[in-house]
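Visitor: Hi! Could you walk me through the structure you have open today?
Guide: Happy to; here it comes.

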Amino acid sequence: MAGLPVKRVLGINGKDEFKAGENTNNTDNNKQSLSKAALAVREENDKVGEREMVTPTGSSIKRSSSRPQLDLSKAAIQGNSEERDPTILLPNQSDDISHLALDIGGSLIKLVYFSRHEDQSIDDKRKKTVKERLGISNGNRRSYPILGGRLHFVKFETSKINECLDFISSKQLHCVGTNSLWWTSDSPSNENAVIKATGGGAYKFADLFKERLGVSLDKEDEMDCLVAGANFLLKAIRHEAFTHMEGQKEFVQIDHNDLFPYLLVNIGSGVSMIKVDGDGKFQRVSGTNVGGGTYWGLGRLLTKCKSFDELLELSQKGDNRTIDMLVGDIYGGMDYSKIGLSASTIASSFGKAISDKKELEDYRPEDISLSLLRMISYNIGQISYLTALRFGLKRIFFGGFFIRGHAYTMDTISFAVHFWSKGEAQAMFLRHEGFLGALGAFMSDEKHGLDDLRAHQLVERFPMGAPFTGGKIHGPPPGNLNEKISWMEKFVLKGTEITAPVPMAPTGTTGLGGFEVPLSKGGTLRSDASALNIGVLHLVPTLEVFPLLADPKSYEPNTIDLSDHNELEYWFTVLSEHLPDLVDKAVASEGGTDDAKRRGDAFARAFSAHLARLMEEPAAYGKLGLANLLELREECLREFQFVDAYRSIKLRENEASLAVLPDLLAELDSMNEEPRLLTLIEGVLAANIFDWGSRACVDLYHKGTIIEIYRMSRNKMQRPWRVDDFDLLKERMLGSGGKKPPPHKRALLFVDNSGADIVLGMLPLARELLRRGTEVVLVANSLPALNDVTAMELPDIVAEAAKHCDILRKAAEAGGLLVDAMVNTLDDSKENSTSVPLMVVENGCGSPCIDLRQVSPELAAAAKDADLIILEGMGRALHTNFNARFKRDALKLAMVKNQRLAEKLIQGKIYDCVCRYEAAS
Ligand SMILES: Nc1ncnc2c1ncn2[C@@H]1O[C@H](COP(=O)(O)OP(=O)(O)O)[C@@H](O)[C@H]1O
Ligand SMILES: CC(C)(COP(=O)(O)O)[C@@H](O)C(=O)NCCC(=O)O
Ligand SMILES: [Mn+2]
């Protein structure tokens, strides 16, 4: 799925200052130019804004923003100002440097564009020292061959090419220097600009582009592009391909080394069948003129439908038996069993129309549409199979916009392939189905170096209503550019329930014989951008796979698979019920202003709608695990400009915990090594109760003080814990039979919550490791998530703790964490201390869970010399990574603060603890 993560220190939002007159008008106006609001809102996450962010300790840090920030100075209306929503030019808007490629087909124009953001991550003293310690070169983005940015996917009807031109022009996508490297061009200029384009329209509309935008189209071969696009997607996007049989969508993990050969069937207006043997190695081996254009064209004539979607929607209510001639019609209701045909098999599509004395008007348009859809889908499926057979190909990938993510179409094609191949060949579909050509055209421009992009550097995110600050909408809706705005934008725009999704074909619609009447009597088709089921691809070239995973290929972060509907329903309820409390905290964190309240309300509606959408179609955003849901919530908060919803709670709990830390350390110091180790582990488990993401815990907090709850939690720490490998850990740490094992060289401590969790749990454990001569790297979130401590907050917490503890102070100095100490030692930080260092690195995440396939480069570098990994908390050690295997010793510590998870995962009950120790594998 949609791993929907934000990676790196990103995402503090600047506000849209641009608020046009309020107008919640419908979205049907057919405008030729983009409205003001369209300009304001369409930018989704396009532009980098900046605002000062005050950290809990008051220091001010600049962070980049994922929200649009427009420079409206010298804004001017372009063209006729009498027009209802004239295009506004923003001459001073320093747009992201963008890059564009087009696929102009017979029916649709596909546009792929890239927007880049200046790398604004700060390199403060601390970070520099840590980097030096970890041996990371202080590389800027130039040291990466690929540029960071976002890849957007948009489509237009070819007949409405003016809309497309307006879109390009409003975003100034055509304004790129071509002679210089495009990312270095400071001022956009379209002189001699060239846009990569493929599809017939690249020829047909070349003059129009020159005339309207002043750009030339650099034509790329369509087949080259289709293949390049497909290969890129299959290699770079996890879960790009999926099967769709009898209503069930299943993502397929493609092994890069075992991708070729395959048959690519692109169902556009017409159909191309291409045998692909490698990158740039292919042959167009077949095709058919009966394709998407046939369905839409013939369908329009026969039903008078006004749009493709209307036609497709009709098919969902159709019964093709009224018009197709079935085997049973010929055989008097009998099967023709000798050759394996059931009575319900279609013998002849539209065959009944010959014998009936009926005219076109006598047939229901619904039935006609369904009959046509089945005829064409079966035909394509069958020809594809025959072509695959001819070349000995087992796998067939289907692309093109005829498919339109439509369950019934995919089921029908899959059925045909399965039926004729007797299960030997497999039909697979691509999430970016219609964008293969446009992506290929984009890739053909070598300047961006995207060909080297790897799956771990891509993060797919779904915009969630970014333009809305509150329940009110600023500015008119963005015309009828339905397909370019997110469904969420529309949802909030209308302030109504979300529209029904494309119904899934229920099990059995295409059983053997395959020609039953579809059972899915659908409502309306999802007509907005969410129908594409694809998000914006964020390219984060710095992300790396955590190097200590034992088997990165088989690594699956999620422990809970939400494809089990009961499971999804349960977590859906948990998250929904938690929402009011979360909104409360979020609004309070922004001072409880009216604006914050409106945003809180909008956030709640947006997030609920996302949840509802996923309940209806769990695979809508790609493969869905619990970690994705939890991350989606954080993303959504950020989009509604809630920078850190638990800020004040974190501060309060840090303070309270730091106040009792000296006593705890003194108590620990009075103990012998063995009971001390046990007390430390108990301490981590007990303090993990401070989790504002858990309903049960939040209820507890309302009943007692922090210290009371902590005491209670500690008192309950009776061994054996539900998962209890303490003895193994103890043996590795302290040895047995008088033998002292060498200490670990470096431990990575993936820390979790603020307050007691970090201060009274993990820091004392870190201190123990330091005392034993183990270097400690605290690994914390890059961005806030619930009450999790962030990498930015940690140095100050450590500094406070260090005031009471020499071990921590020396180690923090050695690790470059103490800014005061660094004044004198910065230049010789490497040899400044004989003490083992304590360091902090960010993990690259903004979620309570961690996907170890996409971590920050600092963490990856720190991992290289690490021989102990400690994962703490439910999110990082249970929801994700519970089953992860590592190349080094690993300790997973968590309190299970959810009854159902306790039952499922450890056959235990709520507040049971997990201490799982796994020696290096
Ligand atoms: N909104 C739409 N408007 C027109 N056709 C659509 C739409 N959505 C899906 N289609 C289908 O997609 C086909 C075009 O697919 P596409 O891959 O874009 O091919 P082409 O490059 O030939 O335009 C159309 O013929 C039609 O069957
Ligand atoms: C969001 C969390 C994973 C955070 O837990 P943590 O990692 O802080 O231990 C956890 O609070 C959670 O799963 N909450 C939802 C379940 C519940 O409310 O019971
Ligand atoms: Mn947490």
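Visitor: How does the shell around ligand 2 divide by class?
Guide: That shell has 4 nonpolar, 8 polar and 4 charged residues. Here Ala, Val, Leu, Ile, Met, Phe, Trp, Tyr, Cys and Pro count as nonpolar, Asp, Glu, Lys and Arg as charged, and the others, Gly among them, as polar.

Visitor: What should I know about the model and its conventions?
Guide: The model is predicted, so local features need pLDDT of at least 70 and side-chain atom pairs count only at pLDDT 80 or more, while totals for chains, interfaces and linings use all residues. Residues are numbered from 1 along each chain as its sequence is written, chains are lettered from A and ligands numbered from 1 in the order in which they are written, and side-chain values use heavy atoms, with hydrogens and water left out.

Visitor: Back to ligand 2, then. Which residues come nearest?
Guide: Of the 16 residues around ligand 2, the nearest are Asp691, Gly875, His879, Lys897 and Asn898. A residue is near a molecule if one of its heavy atoms lies within 4 Å of it.

Visitor: Which side chain has an N or O atom 2.5 Å from an oxygen atom of ligand 2?
Guide: Lys897 does. The side chain of Asn753 also places an N or O atom 2.9 Å from a ligand 2 oxygen, and a polar backbone atom of Gly875 is 2.7 Å from an oxygen of that ligand. A polar contact with a ligand is a pair of N or O atoms within 3.5 Å.

Visitor: How much of ligand 2 does the protein bury?
Guide: The protein buries 98% of the 470 Å² that ligand 2 exposes when taken alone. Accessible areas come from the Shrake-Rupley method with a 1.4 Å probe.

Visitor: And which element gives the most to that shell?
Guide: Helix α28 does, with 3 residues. The elements giving two or more are α15 (565–589) and α28 (874–879). Helices (H or I, at least four residues) and strands (E, at least two) are DSSP runs, numbered from the N terminus.

Visitor: OK, ligand 1 now. What comes nearest there?
Guide: Ser107, Lys110, Ser269, Gly292 and Phe401 come nearest, out of 15 residues around ligand 1. Backbone atoms take part too: Leu108 has an N or O atom 2.9 Å from a ligand 1 oxygen, Phe401 has a polar one at 2.9 Å, and Phe402 has one at 3.3 Å. The protein covers 94% of the 570 Å² of accessible area that ligand 1 has on its own.

Visitor: Switching topic: how many residues are in the largest nonpolar core?
Guide: It has 142, with Phe546, Phe603 and Ile681 among those with the most contacts inside it. Helix α23 (residues 756–771) gives the most, 10 residues. A second, separate core of 39 residues includes Phe153, Ala241, Phe401 and Leu453. A nonpolar core is a set of buried Ala, Val, Leu, Ile, Met, Phe, Trp, Tyr and Cys residues joined through side-chain atoms within 4.5 Å.

Visitor: What share of the whole chain is buried?
Guide: Buried residues (under 20% relative accessible area, with a 1.4 Å probe and protein chains only) make up 62% of the 921 in the protein chain. The chain's secondary structure comes to 29 helices and 27 strands.

Methods: Buried < 20%, exposed > 50% of the residue type's maximum accessible area, 1.4 Å probe, protein only. Polar contact = N/O pair within 3.5 Å; in protein donor to acceptor, adjacent residues only side chain to side chain.
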